[in-house]
Each structure stands twice: as C-alpha cells, then as structure tokens.
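Hi there,

Here is the structure I promised to pass along. Please have a look at it, and then read on for my notes.

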Amino acid sequence: MPDGRLVPRPIPSREATASFSVPSEQAQILKYAIGNTDPGEFHAKLHAAVANLHHTDQAKLLEVLQKAGLVLHNARTAVHDGELRHCVRCHQNYLERDNGLFACRLTHGAPRAVVSKTGEHVGNEYVCCKKRWAVNVPLPMYCFSRHSTRPEFAFDDGIERSCAQGGCGPRG
Ligand SMILES: [Zn+2]
Ligand SMILES: [Zn+2]
Ligand SMILES: [Zn+2]
C-alpha cells in the first residue's frame, strides 16, 4: 500500500467459504460416533477388535488406520525385534512387541496431599509419577507405563529403581 491507507479486505462470500460438498452421511456418522465415545472406551474397542476380527478384516483395519495417519513404522520394527531387554522400571525382561502403555506395572510410591492456597486438602498426588486425583477419589494401587531401558526412567522422585536395589545385577 504505497499511500499507507488501509484497504478493506474483501469479505468472502458464503459460496466461497462453504465446502464444495456436504459431508456424507457416513462421514457424519463417523464424526458423531468418534466424538461421543470416551477415548478409553474407543481404545479398548479397537484392542478387542484386533483380537477378534478375521484376518482379512485385520488387514482392512491396518490399511485404514495407516491412511488415517497411525504411525506403523515402529510397530513393524517391534514385531520383528527379537532382542530381550531389561526394564529399568519394573526390572523384568521384555520383548518390544509386548510393550505398551500399560505393559509395565508398579505399585505407586507413597501419595502426598495436595493442599490449596487456603490450606484445604484438595487432592492426592503420587510422587513417583506426579499423577493427581481429587480428594474424594480412591487412589489406584498401580502405576502403569511402558517398559523402558532408558536410565532416566529408573529414578522417579521418591522411588529408587536401580537394578542394584532391585537385586537383578549390575545391568541398567
Ligand atoms: Zn506412580
Ligand atoms: Zn517395566
Ligand atoms: Zn533390573
């Protein structure tokens, strides 16, 4: 703008902003179903489906999930990885193909009270994983995570998890 005046931006017409096609009924059904399913339940259903589907349907699901952007590179590598690893967290040996968000189970360390600025006891937090629960919620006993060989996971606040302490030798 050589003369410094503000040129009003053209207001896009409704025709220009509207998508060229109305979402299909299938798309609307999928959108609604996914948008109204608890993520944990959705995840559990997919898990169960993999175990129960016929292998031709498993192949279809794999294809669809790949198209949906699920990164399968690591999964393909893990499936063919036969190296037995030692977890620095739970001190069990594992194969990467058996690893997962809930594969590694430990008993949480001691909880600590979370106190508000006004001194009110509002919740409880585990020092091991920093997970918090409201004061009226019963605390879960187990701390789930992935198995790991990374040393930074061997020492969480409040829990000593080295192999020396675990009695499984000098590894880790
Ligand atoms: Zn924990
Ligand atoms: Zn583990
Ligand atoms: Zn160990």
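Below is what I found, starting with the overall picture and moving on to individual elements.

A word on conventions: residues are numbered from 1 along each chain as its sequence is written, while chains are lettered from A and ligands numbered from 1 in the order in which they are written. Please keep in mind that this is a predicted model, in which local features need pLDDT of at least 70, side-chain atom pairs count only at pLDDT 80 or more, and totals for chains, interfaces and linings use all residues.

**Confidence**

The mean pLDDT of the protein is 83, and 80% of the residues score at least 70; pLDDT is the predictor's confidence in each residue, from 0 to 100. Helix α1 (residues 14–17) has the lowest confidence, with a mean of 53, whereas strand β2 (residues 93–94) has the highest, at 96. Where pLDDT is low, the predicted coordinates should not be read in detail.

**Overall make-up**

There are 6 helices and 9 strands in the protein. Both are DSSP runs numbered from the N terminus: helices are H or I with at least four residues, strands are E with at least two. Of the 172 residues, 6% count as buried. Here, buried means that 20 or more other C-beta atoms lie within 10 Å of the residue's own, exposed means 12 or fewer, and partly exposed is in between, with C-beta atoms placed from the backbone. Among contacts with a separation of 6 or more, 46% join residues 24 or more positions apart; a contact means C-beta atoms, placed from the backbone, within 7 Å.

Helix α3 (residues 39–52) has 14 residues and spans 20 Å from its first C-alpha to its last, close to the expected 20 Å. That expectation is 1.5 Å times one less than the number of residues. The number of buried residues in α3 is 0, so this helix lies largely in the open. Helix α4 (residues 55–67) has 13 residues and reaches 18 Å, close to the 18 Å expected. It is hardly covered either, with a count of 0 buried residues. After α4 comes Gly69, with a positive phi near 105°.

**The sheet**

Strands β4, β5 and β6 form an open sheet in the order β4-β5-β6, with antiparallel pairing; two strands pair if DSSP finds at least two bridges between them. β4 (111–115) and β6 (132–134) are at the edges with a single partner strand each, so one side of each is left without a neighbour in the sheet. From one strand to the next, the twist averages 30°, taken between N-to-C directions of lines fitted to C-alpha atoms, on a scale from 0 to 180 degrees.

β4 pairs with strand β5 (residues 121–126) over 5 bridges, and Val114 has Gly123 in β5 as its bridge partner. The hairpin of β4 and β5 has 5 residues between the strands, and Gly119 has a positive phi there, near 90°.

His80, in the loop between α5 (73–79) and β1 (85–86), is exposed, with 8 other C-beta atoms within 10 Å. His80 and Leu95 are 15 residues apart in sequence and 9.9 Å apart, C-alpha to C-alpha.

Ala110 sits in the loop between β3 (104–107) and β4, and counts as exposed with 9 C-beta neighbours inside 10 Å. Ala110 and Val127 are 17 residues apart in sequence and 6.8 Å apart in space, C-alpha to C-alpha.

Best wishes

Note on methods
Contact = placed C-beta atoms within 7 Å.
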